[in-house]
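Me: I'm new to this one. Can you walk me through it in short steps?

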Amino acid sequence: QVQLVESGGGLARPGGSLRLSCAVSGSIFSINAMGWYRQAPGKQRELVAHITRGGSTNYSDSVKGRFTISRDNAKNTVYLQMSSLKPEDTAVYYCNANIVGALLNEYAYWGQGTQVTVSS
């Protein structure tokens, strides 16, 4: 059983900051790529940021320069530091991880989502 537990969402003012965390637990051999996605009401889920096991990152154009993704492989945790927040960043944010299990099969897992609301 693998679980992804997200935390750190909430309400922020425009220009403010929030930090999201996603901790992975369960039967894990290793974790490959991890990422954060978001889904705003009436819109499709979109990739926000992605990080490989080795630390290479990429970002959507809409968050580049404002958001930073990082990971702690020892803690099986991925983070998303969000700064200079805008109302259009309002969405449910989902953590994603490509996890290799004990049988060396790789599967993609999702967190339950955490609400981020940016409003004055």
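**Rings, a charge and a loop**

Reply: Start with Arg45. Its charged end sits over the ring of Tyr94, 3.7 Å from the ring centre. Keep in mind that this is a predicted model.

Me: Which other ring does the charged end of Arg45 sit over?

Reply: The ring of Trp110. Here the charged end of Arg45 is 4.7 Å from the ring centre.

Me: And how many aromatic pairs does the structure hold?

Reply: One. The partners are Tyr37 and Trp110, with ring centres 4.9 Å apart. Their planes stand at 65 degrees, so the pair is edge-to-face, the cut-off for that being over 60.

Me: Where do Tyr37 and Trp110 lie?

Reply: Tyr37 is in strand S4, residues 30–39, and Trp110 is in strand S10, residues 106–110. The pair therefore ties together parts that are 73 residues apart in sequence.

Me: New topic. Where is Asp89 found?

Reply: In a loop. It runs between strand S8 (77–82) and strand S9 (91–100).

Me: Is Asp89 buried or exposed?

Reply: Buried. Asp89 has 0% relative accessibility, and under 20% counts as buried.

Me: So what is Asp89 in contact with, leaving aside neighbours within four places in sequence?

Reply: Two arginines, Arg38 and Arg66 , are among them. Phe67 and Ser84 are in contact with Asp89 as well. Val116 and Val118 complete the list.

Note on methods. Residues numbered from 1 in each chain as written. Predicted model: local features only at pLDDT ≥ 70, side-chain atom pairs only at ≥ 80, totals over all residues. Heavy atoms only, no water. Helix = DSSP H or I, 4+ residues; strand = E, 2+ residues; numbered from the N terminus. Buried < 20%, exposed > 50% of the residue type's maximum accessible area, 1.4 Å probe, protein only. Contact = heavy atoms within 4.5 Å. Phe/Tyr/Trp six-rings, centres within 6.5 Å; stacked < 30°, edge-to-face > 60°. Lys NZ or Arg CZ within 6 Å of the ring centre and 35° of its normal.
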